[in-house]
Amino acid sequence: MVAAAPPIPSSFRGLRSLFGFLIVLLVLAGAWEGYKLLEGSGLPLPIRADDRSMPHLWDIVRSIFEPARRGSEESLGWVLAKASLVTFREAVAGFGAGSLVGLGLGLLFVRSPLAERGLMPWVIASQTIPLLAIAPMVVLWAGKYRLPLWIPIAALAAFLSFFPVTVNTIRGLRSPSPTSAELFRSIAASPSQEFRKLRIPAAFPYLFTALKIAAGASVVGTIVGELPSGLPDGLGRQLLTFSYYYSSGPEKLYAAVLFAVLLGLTFVAVVALIERLVIPPARRVAS
Amino acid sequence: MSRALRRYLAPALVFVAVLALWEFFVRAAGIQGFLLPPPSEVVRTVSEEWPVVWPAGLFTLREALGGLLGGTFAGIAVAFAVSRWSTIRVGIQPLAVAAGSAPIIALAPITNQWFGITNPLSKMAVVAVMVFFPIMLNMVRGLTDVGGAKLELMSSLAAPDFTTLWKVRLPNSLPYLLSALRVAVALSLIGAVVTEYFGGSRDALGVYISQQAGLTRMAEAWAGIVVATLLGAGLQLLVMGAERALIPWHPSRRLTLA
Amino acid sequence: MTSPMVSLRGVGKVFSGRKGTRTVALQGIDLEIHSGEFVSLLGPSGCGKSTLLRIVGDLLEPTTGAVSVNGKSPARARHDRDYGMVFQQATLLEWRRVLGNVALPLEVTGMSEPERTERAREMLKLVELLEFADHYPWQLSGGMQQRVAIARALTLEPSLLLMDEPFGALDEMTRERMQMELMRIWQETQTTVLFVTHSIPEAVFLSTQVVVMSPRPGRVAAVVDIDLPQPRVFETREKTKYFDKLVEVREVLRTEEE
């Protein structure tokens with residue numbers, strides 16, 4: 001029987017999504033604590049279930065409100081929040097620069113097929129090199145040129161951001177059907193009018209899809225960039241620190257990871273929110 | 001000149017030209033080797049360091065492949081469940097979106113604690129999580145996005161659900177799976193190298209690269225990157241070969257069929 | 001008068017859309033189709049002809065009324081594979097070659113290998129496409145793909161053939177050629193056919209009866225007997241009687257519009 005299910009109104013669907021998400025989180029939380037119940041049962045477990053390896057979820061949450069270091073006034077949550085802000089600023093800088101470059105390249109390539117033929121292979125080649133892998137070197141360049149540390153880290157984030165933006169800008173600008181282009185020609189619209197009134201609006205949904213990807217990627221790039229740099233203030237440093245001092249407080253590492261994950265999610269969510277405001281629902285491209 | 005040759009000739013020439021310019025510029029401007037070594041030096045270093053850097057690459061490759069296999073199997077298995085029961089699908093969808101936005105790499109310190117920093121398993125676990133979501137999402141689409149009234153056709157033949165799964169949904173999902181694998185393969189290698197930056201075995205490529213960079217031995221670090229790039233390219237070629245073998249019928253491959 | 005092969009009594013179909021809207025697709029359909037007939041369902045878009053076809057084929061359930069096919073319920077008839085269906089798009093599986101596509105129903109019924117190939121080849125010979133058995137669907141033109149679909153629909157020797165605007169996507173010249181092909185095949189297999197179309201010449205040329213339907217709500221306006229001589233050939237289209245019948249059907253449609 002192949003009858004279609006009745007369509008669900010979108011506001012209800014959003015609520016349903018949220019509900020489903022919470023259920024999944026609850027299930028995962030339950031699985032976590034359930035797994036921990038197996039501790040001491042004598043079963044061979046792939047990951048040890050004791051409190052040192054897998055702190056209770058509640059302990060992790062609790063540690064956020066407790067001092068980060070013995071004798072310090074600042075709570076862990078505050079320390080991590082400050083670190084997140086540092087990382088966030090670097091990520092935004094990289095994201096912004098990378099997106100602008102990507103946008104520029106995309107516009108250039110569509111306007112000038114010559115530029116595309118010459119430079120596109122390079123753009124693609126730049127992605128075959130595992131860019132993230134050059135993080136250690138990027139940091140050294142900063143040292144040699146006496147740049148403030150955040151610049152090469154943001155540059156790393158920019159490198160990760162520009163490619164999806166370039167590709168999607170091109171796809172978006174080229175997305176209108178040949179028939180639509182013919183329409184513009186038939187009313188003797190100038191090329192720049194066609195560009196402004198047809199192609200640029202068509203490109204917006206694609207652009208935002210890429211911006212969401214770039215947002216996530218720039219957070220990754222920033223955190224990884226902070227690792228070899230020894231940048232004292234960012235989340236990368238916090239992750240390393242709490243790894244080293246794991247035995248004195250395993251929950252703190254988990255809390256740091258939680259903040260890192262939330263940072264990425266928040267950044268993408270902010271871009272998604274902007275997308276919501278700029279583009280009417282009917283025109284969004286499913287990512 | 002054959003068409004394929006002509007297509008690759010121009011970019012190849014540009015590539016050679018850029019390498020030559022790079023070489024010349026670096027030598028002429030006297031930029032210190034440890035910042036941006038000229039190509040000739042990188043090549044020399046690669047061959048010198050080969051006995052160290054290649055086994056390191058293979059070690060990391062094993063981590064990447066282990067994670068790739070684990071994540072792919074899990075992704076396919078969950079995809080079957082998700083496509084079968086729509087209630088699971090509603091829950092998984094936002095989780096998948098969230099996972100795509102989150103820096104999975106941040107899990108590395110945790111897996112290091114669980115399995116041990118030098119244990120390849122700690123890296124495989126992170127790679128598996130990275131790879132899981134794109135594979136699962138694409139597989140779900142492949143199993144459910146069956147176009148052109150094919151499902152009605154199977155219904156008209158009174159085919160049982162399993163037959164429809166086996167004869168229609170699975171073949172339909174192959175192109176989706178392979179396209180996700182292309183992405184997954186790239187992610188797995190880079191993921192393995194970068195997770196090693198959080199700490200790893202001395203035999204690993206990522207550790208080699210970060211150590212060499214820490215000693216400002218740039219040529220050696222670049223040699224490591226070159227090996228990583230070669231391995232990544234090799235994996236991509238493998239997936240493309242798989243596409244040619246498994247889905248010769250797909251629109252993306254039709255021009256090559258006689 | 002022999003008992004009808006397909007009988008519809010008081011059949012109605014209501015679709016409920018979002019926000020509680022109700023669309024009455026069909027209302028009060030009374031129809032009888034006897035063995036060996038070629039019956040067209042003709043009408044403008046929205047008159048419910050495809051819906052009616054799908055109800056007969058058990059791909060949709062009627063909201064009211066009784067349907068029997070071969071003296072059984074449509075569901076039973078579908079499970080017994082009493083009918084073959086040809087869709088608007090050929091709906092061939094693009095990952096199988098032509099022979100594999102034709103053999104699909106035989107696989108579903110569990111026929112063993114050598115017999116499947118033999119039978120599938122027989123059907124391809126019937127539609128005169130045997131030399132394309134090893135081709136992929138995308139290597140065939142639209143008309144040829146539909147012929148493969150027809151071959152597939154006939155493999156299980158169904159007593160009833162359901163066709164939903166199978167030639168709608170083809171150009172006029174190909175359409176006419178396909179119509180004559182269909183007439184030849186129909187003569188050979190003696191299957192009963194229920195054919196959906198919105199083309200008056202097509203309906204008149206092919207059918208023994210034309211069921212004219214009108215929309216909003218979908219119902220049977222009239223059943224026009226087409227007593228043109230069999231077999232229908234190229235010259236049939238030039239006979240005066242053919243034009244008379246065209247006019248007759250056209251008049252029925254016009255009265256319905258007023």
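Is C:E122 buried or exposed, or does it fall in between? C:E122 is partly exposed, with a relative accessible area of 40%. Here buried means under 20% relative accessible area, exposed means over 50%, and partly exposed lies in between, using a 1.4 Å probe and protein chains only.

Before we go further, a word on what you are looking at. This is a predicted model, in which local features need pLDDT of at least 70, side-chain atom pairs count only at pLDDT 80 or more, and totals for chains, interfaces and linings use all residues. Residues are numbered from 1 along each chain as its sequence is written, chains are lettered from A and ligands numbered from 1 in the order in which they are written, and side-chain values use heavy atoms, leaving out hydrogens and water.

Let us stay with C:E122 for a moment. Its side chain forms a salt bridge with C:R119, where the closest N and O atoms are 3.1 Å apart. A salt bridge is a side-chain nitrogen of Lys or Arg within 4 Å of a carboxyl oxygen of Asp or Glu. Because C:E122 and C:R119 are three residues apart in helix α4 (residues 113-126) of chain C, about one helical turn separates them. Helices are DSSP runs of H or I with at least four residues, numbered from the N terminus. C:R119 is buried, at a relative accessible area of 14%.

Elsewhere in chain C, salt bridges link C:K72, C:R76, C:D80 and C:D82 in a network. Over all chains, the structure holds 31 salt bridges.

Now turn to chain A. A:E116 and A:R174 form a salt bridge, with their closest N and O atoms 2.9 Å apart. This pair links distant parts of the chain, 58 residues apart: A:E116 sits in helix α4 (residues 113-128), and A:R174 in the loop between α6 (150-173) and α7 (178-186). A:E116 counts as buried at 17% relative accessibility, while A:R174 is partly exposed at 41%. In another salt bridge of chain A, the side chains of A:R62 and A:E66 meet at 2.7 Å, N to O.

Finally, look for a nonpolar surface patch of about 560 Å², made by A:F204, A:V270, A:L273, A:I274, A:L277 and A:V278. Patches are made of residues with over 30% relative accessible area and no salt bridge, with nonpolar side chains (Val, Leu, Ile, Met, Phe, Trp, Tyr) joined within 5 Å and like charges within 9 Å. Helix α10 (residues 250-278) of chain A gives the most to this patch, with five residues. A:F204 lies in helix α8 (residues 191-229) of chain A.

Definitions and conventions:
Areas by Shrake-Rupley, 256 points an atom, 1.4 Å probe, with all protein chains shown as cover. Helix = DSSP H or I, 4+ residues; strand = E, 2+ residues; numbered from the N terminus.
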